Every structure is written in C-alpha cells, then in structure tokens.
Amino acid sequence: MASVACIGECMVELRQAQGGHSSGQSAGQGGGLFSRGFGGDTLNTAVYLARLEVKVDYLTALGDDGMSEEMIAAWNAEGVGTRRVVRLPGKLPGLYMIQLDANGERQFFHWRDSAAARQLMSLPETDELLNSLMSYDIVYLSAITLSIYDAAGRDRLFAAIKRARLLGTRFVFDTNFRARGWPDRDVAREVFATAFAAADIVLTSTEDLLALYPGESPEQLMARIPTPELVFRLAEPVSLLRFPGGMSEVRAEPMTRPVVDTTAAGDSFAAAYIAARLGGSDPVEAAQSGHRLASLVICYPGAIIPGYAMPPKKRHRPATTRQATK
C-alpha cells in the first residue's frame, strides 16, 4: 500500500464564535467568545489523504500536555498515523486566533515562537525521523513547514529528502506562502528555489508566487520552477499543468452551492491530487480530483468537512512500483 509522510505543524485554534461577543459586551469592548479547535495546513492534507484511503503518517513534535493528547486522539480517529510524532516534556503546541471584523473578514494572530514543532529538526530523535523518510512513497510538506525551522534545520531536512529520493521516494512541495512566517522575502525566495530544485511535484498558485515575484505572468512564474510535474492554480478555478510529455489546462466544474469558507481549499486539493497520482491517475485526472474535493470543502465551515460530505470513493489503477532515482 502506498504511503505518505506529511511534515508540519498543527496548532491550537481559537475561532470567534458565532455571535462574536459574550453577554453584556459590545463589539468595542473585546473579550468575545471563542471556540477551540486544531488547525494546520499539512495536517489538513493528511486528514483528507486518510479519508481517501491513503496510508499517511504525520511527522511533527508536540508537548506532553492535554491539548497535545487531544490532537493525537483526533488524528488517530481520522486514520492519520502518529508513530512519528515526537513528544517533548514541558512543551506546548503553538496557538493562533481567528478574529472577525465588522465586515466578516478574518484576521489571524499567532503565538508559536516556542512551540514544540519548531524543534523537530534539532532533537535527539531527528536522525531516526529523517531516515524514516526513505520508507515512504511520497514526502509532502509546505512552505509553512519550512518557515518554522531555522536554516540549519531546513538544510538537514533537504539533505534527508535527497537521500530518500535516491531510493525512489518522491518529494511533493506545496508553496503555501505566509509572509509572517519569514524574516524577509529574500530568505523565502532562496528557500523556495532550493525546494523547487529538489521536488518531483510542485503544487503552487498565483496567490503564493505573486507575493514573492510581483508583476510576473503565469508563464514567467512557471518558468522559475524546474520540477518535472507542476500544478499551477490560477485565481479563477483553473489549474495549468506541466508534466513529462505535455501541458494541459484543467477547469473546475461550475459551483452549484454557495461558498461558505475557503479554508483548506488548497490543502484538500493537494490531498486529492496526491491520492489520485498514487492510485495511478495521470496529472489531468488528478487535478480534476483535486478541484472536485476542494469545491466540496469550501461549501462547509472550517478546514475539515463532515465525513458524510466526502465524495464517493473512486477506483484508481494500481500504482506503479517505486523505482530508485539514478
């Protein structure tokens, strides 16, 4: 059975509750009611991969606190493997808060500088964890993942990925870019270039890349990425694909339901694309699967939709045998 390692960080999420304010308080007084959940881009992808019947492990670090225990339990319940989660005594997960303004627009506030996940590349367990990457068919991570490690940690991770690729593991890089996670854009551009050079598949978008390379056309942006397989999502629901043997444009089917929340649209697209490729689908079929799942996800609030809302299972052709890179 094909397997995926998702590397990243899951944080405690505080989301402004519907209604927004506790009894007796106005909007200007603050102190509103918030609901607590958990969130993280690569974790969302891992959950959707598990729901699509892909064997997936989540690689991260957590504390030994009650919230970390709740995360582990929730991931296990979804079928996400937790054997690669490192537990650090006395540490905590990061936290972020989503606050809505008067127009319903979201603002994010983060407390993550001392989160356990940031230490993942500098632990006594790190070597064993990185050596395990060779046992997976795909290693998946995002730019957010890379932003939480220091330069030495990123170098260590990239070196392990390169070793794993020699034995046939494929590296999928998602350019999920958040400026607040980087000291400056020059550092981000340098790290992106390293990831592009190492990746087998890149999942990206105009939203991500224009933040780093403003004013460039889709053709110019795509030319920056040498990877053999590229999925480039435009602002409209269209993906431009480049793969060995050709290029293609894939349009999402027209929406028939209202958009409720675009959270995890890209994360779910990535999961469906990876699952389809592991199942033997070609890039065009995989992108169609990605658009279908993302179009469902944005019709529900939050990152993870109810299980009953998942699309029907599709039978794919058997995946090909892994071959070592020469």
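# Notebook: a look through the predicted model

**Entry 1: helix α1.** I started with α1 (41-51), where 11 of the 11 residues are buried, so this helix is largely enclosed by the rest of the structure. Buried means under 20% relative accessible area, exposed means over 50%, and partly exposed is in between, with a 1.4 Å probe and protein chains only. The buried residues of α1 include D41, L43, Y48 and R51. Helices (H or I, at least four residues) and strands (E, at least two) are DSSP runs, numbered from the N terminus.

Residues are numbered from 1 along each chain as its sequence is written, and side-chain values use heavy atoms, with hydrogens and water left out.

**Entry 2: the whole protein.** I looked up the elements and found 10 helices and 13 strands. Of the 326 residues, 51% count as buried. Then I checked contacts, meaning heavy atoms within 4.5 Å. Among contacts between residues at least 6 apart in sequence, 70% join residues at least 24 apart.

Entry 3: E53 sits in the loop between α1 and β4. With 55% relative accessibility, E53 counts as exposed.

I found a positive phi at A264 too, near 70 degrees. A264 is in the loop between β13 (246-251) and α9. Is A264 buried or exposed? At 7% relative accessibility, A264 counts as buried.

**Entry 4: the cores.** A nonpolar core is a set of buried Ala, Val, Leu, Ile, Met, Phe, Trp, Tyr and Cys residues joined through side-chain atoms within 4.5 Å. The largest one here has 48 residues, and V4, L49, W75 and Y140 have the most contacts inside it. Which elements each supply at least two residues of this core? I listed β1 (3-7), α1, β4 (55-63), α2 (66-78), β8 (138-142), β10, α9 and α10. Helix α9 gives the most to this core, with nine residues. Apart from this core lies another, of 47 residues, among them M121, L133, A188 and L209.

I clicked on W75 next. Leaving aside neighbours within four places in sequence, W75 is in contact with residues including C10, L43, Y58 and V85. So on to C10, which lies in the loop between β1 and β2 (11-16) and counts as buried because its relative accessibility is 2%. Not counting residues up to four places away, C10 touches F38, G39, G40, L43, Y58, M71, W75 and P93. C10 and A117 are 107 residues apart in sequence, yet their C-alpha atoms are 8.1 Å apart in space.

**Entry 5: α9 against α10.** Two packed helices are described by the angle between their axes and the distance between the axes. The axes are lines fitted to C-alpha atoms, for helices over the stretch in contact, and angles run from 0 to 180 degrees between N-to-C directions. For α9 (265-278) and α10 (283-297), I got axes that come within 7 Å and cross at roughly 145 degrees. On the α9 side the residues in contact include F269 and Y273, and on the α10 side they include H291 and L293.

**Entry 6: D200.** D200 lies in the loop between α6 (185-198) and β10 (201-205). At 15% relative accessibility, D200 counts as buried. What does the side chain of D200 join in a polar contact of 2.9 Å? The partner is the side chain of R165. A polar contact is a pair of N or O atoms within 3.5 Å; within protein, one must be able to donate a hydrogen and the other to accept it, and residues adjacent in sequence count only if both atoms are side-chain atoms. A polar atom of the D200 side chain also lies 2.8 Å from the backbone nitrogen of F171.

Terms used. This is a predicted model: local features need pLDDT of at least 70, side-chain atom pairs count only at pLDDT 80 or more; totals for chains, interfaces and linings use all residues.
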